[in-house]
Structures are given as C-alpha cells and as structure tokens.
2 protein chains.
Amino acid sequence: MMRAHVTKKTLSEGLGLLERVVPSRSSNPLLTSLKVEASEAGLTLSGTNLEIDLSCFVPAEVQDPQSFVVPAHLFAQIVRNLGGELVELEIVGSELAVRAGGSDFKLQTGDLEAYPPLSFPAHADVSLDAAELARAFGSVRYAASNEAFQAVFRGIKLEHRGGGSARVVASDGYRVAIRDFPADGDGRNLIVPARSADELIRVLKDGEARFTYGEGMLSVTTDRVRMNLKLLDGDFPDYERVIPKDIKLQVTLPGTALKEAVNRVAVLADKNANNRVEFLVSEGKLRLAAEGDYGRAQDTLDVTQGGSEPAMSLAFNARHVLDALGPIEGEAELLFSGSTSPAIFRASGGGGYMAVMVTLRV
Amino acid sequence: MMRAHVTKKTLSEGLGLLERVVPSRSSNPLLTSLKVEASEAGLTLSGTNLEIDLSCFVPAEVQDPQSFVVPAHLFAQIVRNLGGELVELEIVGSELAVRAGGSDFKLQTGDLEAYPPLSFPAHADVSLDAAELARAFGSVRYAASNEAFQAVFRGIKLEHRGGGSARVVASDGYRVAIRDFPADGDGRNLIVPARSADELIRVLKDGEARFTYGEGMLSVTTDRVRMNLKLLDGDFPDYERVIPKDIKLQVTLPGTALKEAVNRVAVLADKNANNRVEFLVSEGKLRLAAEGDYGRAQDTLDVTQGGSEPAMSLAFNARHVLDALGPIEGEAELLFSGSTSPAIFRASGGGGYMAVMVTLRV
C-alpha cells in the first residue's frame with residue numbers, strides 16, 4: 001500500500017490552489033473530489049469544475065505509488081489544521097490515512113475509475129512571461145462583466161500584436177481596459193472567460209507560461225501547474241474605434257490623490273444616477289462635484305494642465321473612475337476629447353495600461 | 001452661525017461608536033440621524049436604536065455653539081474619508097458644511113425639534129472598573145443565545161456578590177459561562193441583553209464605569225461616553241445547581257494545543273449530530289475522536305491527570321468546547337464528574353472564569 005511523506009506547507013499550497021477550482025457542492029459528488037496520482041518523485045493533484053481543469057505537482061517521498069480520489073475540501077481543511085511540519089499519507093484499504101504529530105485521520109477514498117479523465121498536453125505552441133501575463137490580466141479584469149448577456153463582455157481578449165508585443169482587452173460595453181505587455185512569438189488571438197482568468201492570475205507566479213492551443217480550449221503550463229481553460233466563442237467588439245484620437249485637454253495629477261477625492265465625493269453621489277461625479281477642469285484645477293438626496297460634495301485638486309482647450313466639464317460614474325484608476329501607480333494622466341466623447345485614463349509615462357470610459361450626459 | 005474645529009481622529013472615533021448603535025435604515029428616518037449638541041468645549045454626539053441610547057463627547061473649538069441633527073452614517077463616512085488632520089464644521093442655513101483640505105461638503109440637517117429626547121442621569125449609584133467589566137462581559141458573551149425563545153437566555157446576568165466581588169453569567173440552557181471579577185460597592189443584580197453588552201464591551205476601555213439604576217434601565221457613564229440600556233425582565237435560571245461539585249477526574253494541558261486539536265478533529269465531526277467529539281482520558285493521555293460520513297479523526301494529547309477515577313469517556317459538541325476554551329489563556333483545566341454529568345473547563349490557576357457544559361450521550 002502507498003505511503004508518502006510530504007511537508008505540510010507544500011501540500012497545503014497545492015491543495016489551496018485546487019480548492020478554488022473544485023466545487024464544494026455538486027450534483028455529481030465525484031466532482032467535489034480531487035484525484036491524486038503518485039510517482040516516486042511526488043504527488044500530482046488534479047481537479048476540475050468542467051470549465052477549468054487544474055493540476056498541480058507536489059514533491060513528496062513516495063513508496064509504492066498509487067492513485068486515489070478524495071474529497072478535495074475536507075482533505076485540504078484537514079491538512080491545513082495539522083500540527084507539525086511533516087505529513088504522512090498512507091492508503092489503508094479503501095481509506096486514506098493522514099497523520100502528523102498526534103493526529104490520525106482516516107478519509108474515505110472515492111471511485112478512481114469513475115473520476116473524469118483529465119489530460120494535459122505535453123507540447124507548447126508559444127511561451128509567455130507568467131508574471132507579465134498575470135499582471136496584464138489583473139489590470140483589465142475589472143472591466144469585464146460578470147453578468148453581461150453577450151458572452152464576449154464576460155471575457156478578456158488576448159491579442160498577439162507582433163513586434164514583441166501582446167495586449168489584453170476587457171470591456172462591458174461602457175468602458176474598455178487595455179494593457180500591452182512584452183511577448184515573443186506569434187500566438188493566436190483568443191477570449192478567456194474572466195472567471196477563468198481570475199484563476200489563471202492566482203496560479204501564475206513567475207517563470208514561463210507555456211500555451212498550447214486546442215479545439216475551443218487553451219492549456220497553460222508552468223513549472224508548478226497545468227491548466228485547461230474553455231475559451232469563449234464570438235467576435236470581440238472593435239474597441240479601437242472608441243479610443244479618442246483628438247485630445248483637446250489633458251491633466252496630470254497624483255493617482256492616489258484623485259482616488260481619495262473621488263472616494264470622498266462619491267459618498268454623496270446619487271446611486272440611482274450612476275454615481276454621477278462631475279469633473280471640471282480649468283486654470284490648473286480639477287474640481288470634483290457630486291450631489292444627492294442628502295447634500296452636495298466638492299473637492300478641488302491641483303493639476304498640471306495641457307492641450308488646446310482651456311476648460312472642460314465632464315461627468316463619470318464614480319465607481320468606473322475608481323476601477324479605471326486601480327491599476328495606475330504614481331501619476332495619472334487624464335486625456336479628454338470633449339464633454340460627450342470617451343476619455344482616457346492612463347499612467348503618466350506609459351506602462352502599457354489604458355482605460356477608456358464613456359462620459360455621462362452633462 | 002456655529003463654526004467648530006475638531007481633529008479628524010477624535011471626531012471619527014466618536015462617530016465610529018455612534019455608527020454601531022444608530023440604525024442605517026429605519027421607518028423613521030430621524031432615527032438614522034444623530035444629534036450634535038455643541039458647547040464651547042466641544043461636541044456631544046448622541047444617537048439611539050430605542051434599545052440603547054449612546055452619547056459621546058468630542059473635544060472641539062466651537063464658536064456660536066448650536067445643536068443640529070444630521071444623517072449619522074453619511075456624516076461618519078464623509079469624515080472618515082477626509083484628507084488632512086483638522087475638520088471644520090459650519091452651520092450654513094439648513095446645511096452643515098464639512099470642510100478639510102480641498103473638500104467642501106454640504107449635508108442637509110434634520111428636524112431638531114422632532115428628534116427623540118435623550119436624557120442621561122447626572123448621579124452614579126455604584127462604580128466599577130471599566131476594563132474588568134468589559135473583560136468579564138466579553139468572556140461569557142458566547143454562552144448567551146441570540147435567538148432563544150426565553151428572554152433570559154439572550155441576556156447576561158450581573159451579580160454583586162459582596163466581599164469585593166461581582167460575577168457575570170450567561171447561559172443558553174446547554175452551557176453556562178461565568179466570570180468573577182473584583183468590584184467594590186453594593187450594586188443591584190440585573191440582566192443586560194447580550195446585544196447591548198456587545199456595545200458596552202466596545203465602549204468600555206479604562207477608568208471607571210459608573211452605574212445609575214433606573215426603572216427597567218441601566219445607565220453607564222465613563223469619562224468618554226454615556227449609555228442607557230434597557231434591561232431584561234425575568235428570573236435567571238439557578239445555574240449554581242448545574243456546577244458539578246464532586247470532581248472524579250481532572251486533566252491539565254495547554255489550552256492552545258487543545259483548541260487546535262478540537263479544531264482538527266471537528267472537520268470530520270457529524271454536523272447533524274451536534275458536532276460530536278469524544279474525549280477519552282486514561283494514563284496521562286487525552287484522546288479526541290470524531291466520526292462522520294467521510295471518515296474518522298483521532299488526536300492524542302499528553303495531559304497531567306488527577307482525581308479518583310483512572311479513566312473516563314465523555315462526548316461534547318465541538319463548537320461548544322471551542323467557545324468554552326476561548327477565554328482561557330495558558331493552561332486549561334478540565335474537571336469531570338462523570339460521563340453523563342456536566343463538566344467544567346477553566347483556566348488553570350484561577351482567573352475567575354469557568355465554563356460548565358452538558359455532555360452528549362455516550
């Protein structure tokens with residue numbers, strides 16, 4: 001019978017990743033389990049929610065390697081609570097024994113034959129920097145909708161643009177978030193469901209993210225994990241059309257100061273009127289104003305102002321402004337092309353991130 | 001018109017206390033407001049949820065003192081988000097202006113005449129140590145029920161026991177939590193609703209808590225706050241009857257080790273069987289065991305064992321055990337009088353805290 005020794009820390013980390021993907025309840029109880037495949041070098045933990053398959057290798061000392069299936073969340077919870085550094089796993093009949101210090105747990109194992117087959121590709125089509133990719137997905141994630149009727153608005157588009165550059169784009173129809181990042185090779189354009197991107201962001205740390213393209217599917221492999229994602233079908237909207245080209249007024253100010261001020265005035269903004277906050281620029285000042293049932297708020301900030309127009313007044317949804325500013329560190333640059341045209345918010349000095357937002361009616 | 005200057009920190013702290021008591025929604029919108037009474041020395045903020053009246057003094061520099069009523073949660077949120085250290089308040093017509101740095105808020109004030117009159121007594125009947133009282137209430141709070149049909153099970157009894165000692169007791173009918181603490185004077189016995197005790201715990205810091213007894217009411221005054229509480233009517237159960245006197249077996253072990261082990265085995269305990277965990281004591285070992293649909297758990301701990309019986313087996317609700325151990329720091333002492341009699345959990349070496357728990361059927 002199999003016996004394995006593994007550190008609590010590495011096993012916990014692996015189980016932690018699987019726990020996020022494997023559902024805690026399902027009409028098919030096997031789907032709440034994870035499959036453990038053992039080799040002499042360690043344990044491969046795999047699970048699926050039918051949208052995402054995830055597999056994670058955990059180094060361990062294993063005698064008489066054996067595969068088995070156990071309830072994912074219970075197993076993870078037990079390991080997390082154990083005392084001591086080293087965990088012993090042993091297959092005893094139809095049970096998995098989990099031991100550490102004075103603790104001795106016996107978990108029922110499931111039907112290994114009935115567990116859905118998960119397969120991960122062995123070759124890679126293209127390779128991206130894992131940290132850059134995670135940062136890019138993380139920067140635009142907010143703009144994808146969780147509920148939109150049109151599937152593409154629930155996804156993040158990944159474009160290979162040639163010349164060593166790739167781009168991720170997300171939109172819910174009211175705003176577009178874009179991040180360009182360095183990428184070698186010539187990959188396919190595809191749309192990743194935003195919820196799957198959340199898991200990808202969590203799993204990608206450093207090193208390489210190797211992509212393998214399948215039929216309506218993407219497999220991502222790192223040194224630690226392998227993941228299959230179902231892709232979204234459909235045409236992503238032509239977002240480049242809404243990026244304003246003719247900038248008439250532009251202001252620069254510390255991003256944090258703007259976030260704090262928008263947060264402040266938003267308290268009084270009318271929730272039933274899109275959390276409307278007005279931006280008034282003139283004479284090196286940005287004045288924010290909001291008004292609701294309980295009163296009025298005003299905040300004035302010093303800005304560096306440029307462009308051909310001396311003053312402009314626009315209105316935005318305060319929540320959207322705060323989202324757009326999220327990925328901006330340091331100075332923020334706001335580019336305005338008119339009171340009723342979309343505006344650009346980006347980090348001053350580049351960095352590849354850009355938010356495009358529609359204005360509310362003045 | 002009134003104008004006041006106050007530091008953001010003190011005003012925020014005062015509003016933070018009021019925010020917990022004043023409801024955020026009410027069929028009577030005035031109840032979601034707070035009343036501010038100004039003197040030249042500062043502002044007195046008051047609010048009520050009809051169970052608890054709370055009043056808090058905030059030092060401020062005030063010109064032309066004036067009283068007013070404003071929405072409590074909005075005011076608190078605005079002040080919390082302000083930049084800068086100093087806040088300026090000014091009454092401008094029917095509005096309260098709130099200013100700091102570049103921010104200028106105007107909040108509608110409410111109808112001062114219509115606000116319910118709140119009165120706090122000026123004299124004190126008895127005085128207790130605020131920190132001791134808060135610690136005592138905090139230690140036994142868990143044993144009071146939030147839903148019990150019988151009102152006294154939703155309360156915490158405060159007893160003056162003479163000889164410089166007072167006691168708080170809470171029970172939900174299955175367990176009793178008791179904490180004795182030093183107290184001078186000869187106060188009344190009374191039952192404080194557990195939810196009001198929660199607020200009292202939050203408000204009491206150090207110094208004296210001065211009690212004033214009213215008709216079905218208790219007023220508590222500290223240097224910072226004044227609070228009126230409605231008391232619970234009724235007879236508190238005779239809990240002394242259930243405290244076992246004839247201890248047959250007793251074990252001592254580090255409280256943290258026991259908490260961790262109970263937490264571990266509880267993962268597999270059957271939720272539909274009171275989270276049953278068995279305690280088996282013999283030969284200087286405490287063995288914990290739990291069993292459910294997915295497997296079995298066992299944990300063995302070294303203990304110092306005493307008493308006339310060499311071994312005993314009992315069963316408890318794991319959640320109740322964890323609650324009972326909560327207030328115990330350092331070594332825990334478990335006193336058993338039999339498999340079917342209530343058990344005592346207390347801090348080894350005293351400290352005035354004791355939990356009495358019924359056992360589950362073996």
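This is a predicted model: local features need pLDDT of at least 70, side-chain atom pairs count only at pLDDT 80 or more; totals for chains, interfaces and linings use all residues.
Figure 1. Side chains of opposite charge can pair when their charged atoms come close. The pair links distant parts of chain A: A:R264 belongs to helix α5 (residues 255-266), A:D299 belongs to strand β21 (residues 295-302), and 35 residues separate them.

**Figure 2. A salt bridge between two helices of chain B.** B:E199 and B:R20 form a salt bridge in which the closest N and O atoms are 2.7 Å apart. B:R20 lies in helix α1 (residues 8-21) and B:E199 in helix α4 (residues 194-203), so this pair ties together parts of chain B that are 179 residues apart in sequence.

Figure 3. B:D198 pairs with B:R141 in a salt bridge, and the closest N and O atoms are 2.7 Å apart. B:D198 is part of helix α4, while B:R141 is found in the loop between α3 (130-140) and β11 (155-160). The two residues are 57 residues apart, and their pairing links distant parts of the chain. B:R141 counts as buried, at 13% relative accessibility.

**Figure 4. A network of charged residues in chain A.** Which residues are joined into one network by salt bridges that share partners? They are A:R3, A:E88, A:E90, A:R99, A:D104 and A:K106. Over all chains, the count of salt bridges comes to 50.

**Figure 5. The two chains and the surface through which they meet.** Chain A is superposed on chain B by a rotation of 180° with 0.0 Å of shift along its axis, and the RMSD is 0.0 Å. This is the relation of a two-fold axis. Of the interface residues of chain A, 100% are also interface residues in chain B, which means that the copies meet through the same surface.

Key
Residues are numbered from 1 along each chain as its sequence is written. Chains are lettered from A and ligands numbered from 1 in the order in which they are written. Side-chain values use heavy atoms; hydrogens and water are left out. A salt bridge is a side-chain nitrogen of Lys or Arg within 4 Å of a carboxyl oxygen of Asp or Glu. Helices (H or I, at least four residues) and strands (E, at least two) are DSSP runs, numbered from the N terminus. Buried means under 20% relative accessible area, exposed over 50%, partly exposed in between (1.4 Å probe, protein chains only). Copies are superposed by least squares on the C-alpha atoms of residues with pLDDT of at least 70 in both. Contact means heavy atoms within 4.5 Å.
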